Amino acid sequence: MNSPEISVLESLYRQHIAELERRYAPVLQAAGYDAVLIHSGSLKKRSDFDDQYWPLRVVPHFQHWLPLALPDCAVYLEPGGKRILYWLQSQSYWERPAEPETQHFAAHWQVELVTSAEAIKGLLPTDKCIAFIGEDKARAASWGIQDTLQNPYNLIGKLDRLRAVKTPYEVLCLSEANRRAALGHEAVLQAFRSGVHSELELHLAYLGATGQDDTDTPYKNIVALGKNGATLHHVTYERRAIEKAGESLLVDAGAVYQGYCSDITRTWYKGTGASIDAFGHLVHEVEGMQQRLCEAVHLGLGYEELHEESHRQITQILHTIGLLRCSVDEALAKKLSRSFYPHGLGHSLGLQTHDVGCALVRPKPENPYLRNTSTIQAGQCFTVEPGVYFIDFLMAELRQGEHSGVVDWALAEGLAALGGVRIEDDLVVTDDALKHRNLTRELLPRGGGLA
Ligand SMILES: [Mn+2]
C-alpha cells in the first residue's frame, strides 16, 4: 500500500472544507462574529538564554482547514463569503521551511502571499467583527484584534465539539497515519526479534522505518524494555543493550499525515522461563480482551461504560493468570484492578493525539484519567488501549494495604521485571452494519505476543 492518490486526496479535501464551512457558519453566527481569523502559530524560544526555537506546533484549528505547517500564516473565514489564506513567504536565509508533502489544498483558497506577518494587518477587513483563534496574543494585538475577541470561550468550545466527528478526508488521513506507523512497529518488532536490546536503537529503527524525525512524531515514542514498561510514558531511553534470557518490549508510537495522528501500542516478548511464560499468558489475555472491547463499540454506547467493562475484564484476567487469589466478585468489590490499570481506556484522536470534543462531561471520580466520556457516534475516532502494569509505588501501596493477602506476590514480582502490557488500536465509528473500522488492525493484525 502507498500514500493516498493525489486525486483522491483532492476530491475528499474539497468535500472536507465544504463540510467545515457548513459547521462553522452557525457556530460563528450564534457567537456573534462575522468572521474568524485563525493563526497558524509563532515559533517559541527554547530558552531566554540562547537563540534556538522549538519546532512549531501548529494551532489545531488552523490545521483543521489545511495542512500547512508554517509560522505566522493565517486563514480568514467569513461564512458565505471569503476564504482567504495569508501565506507568509519566508525571507530568512538561515532556514528554509519544510515544503508541504502535497499541494492538494492550495487551489481551494484565495491565497494572499505576504512577506511579513505585519503585512496581514493591512489586508484584514475593517468593517467586520472578527474573532481570533491562536496562541500568540501579541500577534493578534499587532493585527488590531482586541483581547475580548481572542479565543472567545463560547467559540472555542463549539469548534472543539465539531472536531469530534471526522469527515471522510480526515478518516483517510488518520488511516494513512496508521499505515506509516505500522511500518515502524513492524521494523521495531523485527529489530527486537533479531537481538536489538537498546531502547534508543529501537526508537531510531522506528523513526527510520516511518521516515520521521523525532520532532515529526505525534508524541514522543514510548519504547520500553522490561521493567520500563511500567512507566506509562517511558521516553528516557536506555542506551545500554542488556541481553536477557527473557525480555518484554512495549512500544507506543504513531505517525502524522497532513496533521492527523495515529497512536498505536504493541507489546512483545521473547525468551523462556516461568516469568516470561506468565507474561505471555497475560499478553495473550489482554490481546483477547482488547479485541472484545473493540468489537463492543457501537453507536449510542457510552465510552465510559466500555471503560468500566475493561475493568471487569481486567479483573477477570488477573484472576485467570493466578495473580489474584480471591473471587472475581470480591476483587471487583475491592476495585483491585485500579492498582494494575490506572489509566483510561482511551481518548479521541485527530489533529491532536489527545483530541478534543469527546470529554465534555467529567468522568466518574473513580475514572479520573478517562479522556473520553462521550456517547459513541458515527464519525468519531478514538483509541481503545487497555493495559496491565506492575508499577512500583502502586504495588507497594497494595502490598501495605488491607488487600495484600489476596495477591500472589511471587508472581507479581516476576511480572514486574517485565513491566506491563498495553495494546492500542485506533477506531473510527461508522453507521453501517460493521459499526466501526479498526484503522490499526487493517495494517497490523497482531496486537502483541511472542516476538
Ligand atoms: Mn493513546
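This is a predicted model: local features need pLDDT of at least 70, side-chain atom pairs count only at pLDDT 80 or more; totals for chains, interfaces and linings use all residues.
Colleague: How is the protein chain divided?

Modeller: The protein chain falls into domain 1, covering 6–162, and domain 2, covering 168–450. Their C-alpha centres are 34 Å apart, and the contact between them draws 12 residues from domain 1 and 12 residues from domain 2.

Colleague: Which elements give two or more residues to the side of domain 1 that touches domain 2?

Modeller: Those elements are helix 1 (6–31), helix 2 (60–65) and helix 4 (153–162), and helix 1 provides the largest share of that side, with four residues.

Colleague: And the largest nonpolar core, how many residues has it?

Modeller: The largest nonpolar core has 113 residues, and those with the most contacts inside it are Val-36, Val-75, Ala-177 and Val-388. Helix 5, residues 168–193, gives the most to this core, with 11 residues. Because domain 1 and domain 2 both give residues to it, the core lies between them.

Colleague: What does Val-388 touch?

Modeller: Leaving aside residues up to four places away in sequence, Val-388 touches Leu-282, Val-286, Ile-314, Ile-317, Phe-340, Tyr-341, Gly-420 and Val-421.

Colleague: Back to helix 5, how many residues has it, and what does it reach from its first C-alpha to its last?

Modeller: Helix 5 has 26 residues and reaches 37 Å between its first and last C-alpha, which is close to the 38 Å expected at 1.5 Å a residue. Just after helix 5 comes Gly-195 with a positive phi of about 105°.

Colleague: What about helix 6, which of its residues are buried?

Modeller: Helix 6 spans residues 199–210, and its 12 residues reach 17 Å from first C-alpha to last, close to the 16 Å expected at 1.5 Å a residue. The buried residues in helix 6 are Glu-199, Leu-202, His-203, Ala-205, Tyr-206, Ala-209 and Thr-210.

Colleague: Why do they line one face of the helix?

Modeller: Seen down the axis of helix 6, the buried residues fall within an arc of 155°, so they line one face of the helix. As background, an α-helix has 3.6 residues a turn, so residues three or four places apart point the same way.

Colleague: What covers the buried residues of helix 6?

Modeller: The cover includes helix 5, strand 6 (222–225) and strand 7 (246–253).

Colleague: Changing topic, in which sense do strand 2 and strand 3 pair?

Modeller: Strand 2, residues 74–77, and strand 3, residues 83–88, pair in the antiparallel sense over four bridges, with Ala-74 standing opposite Tyr-86 in strand 3. Their hairpin has five residues between the strands, and in it Gly-80 takes a positive phi near 70°.

Colleague: And strand 3 with strand 4, parallel or antiparallel?

Modeller: Strand 3 and strand 4 (residues 110–114) run parallel and are joined by five bridges, and there Trp-87 stands opposite Leu-113 in strand 4.

Colleague: Last one, where is the place of Asp-216?

Modeller: Asp-216 sits in the loop between helix 6 and strand 6.

Terms used: Residues are numbered from 1 along each chain as its sequence is written. A nonpolar core is a set of buried Ala, Val, Leu, Ile, Met, Phe, Trp, Tyr and Cys residues joined through C-beta atoms within 7 Å. A residue is buried if 20 or more other C-beta atoms lie within 10 Å of its own, exposed if 12 or fewer, and partly exposed in between; C-beta atoms are placed from the backbone. Domain bounds come from an automatic or database domain assignment. Two residues are in contact if their C-beta atoms, placed from the backbone, lie within 7 Å. The expected span of a helix is 1.5 Å times one less than its number of residues. The arc is that of the directions from the helix axis to the C-beta atoms. Two strands pair if DSSP finds at least two bridges between them.
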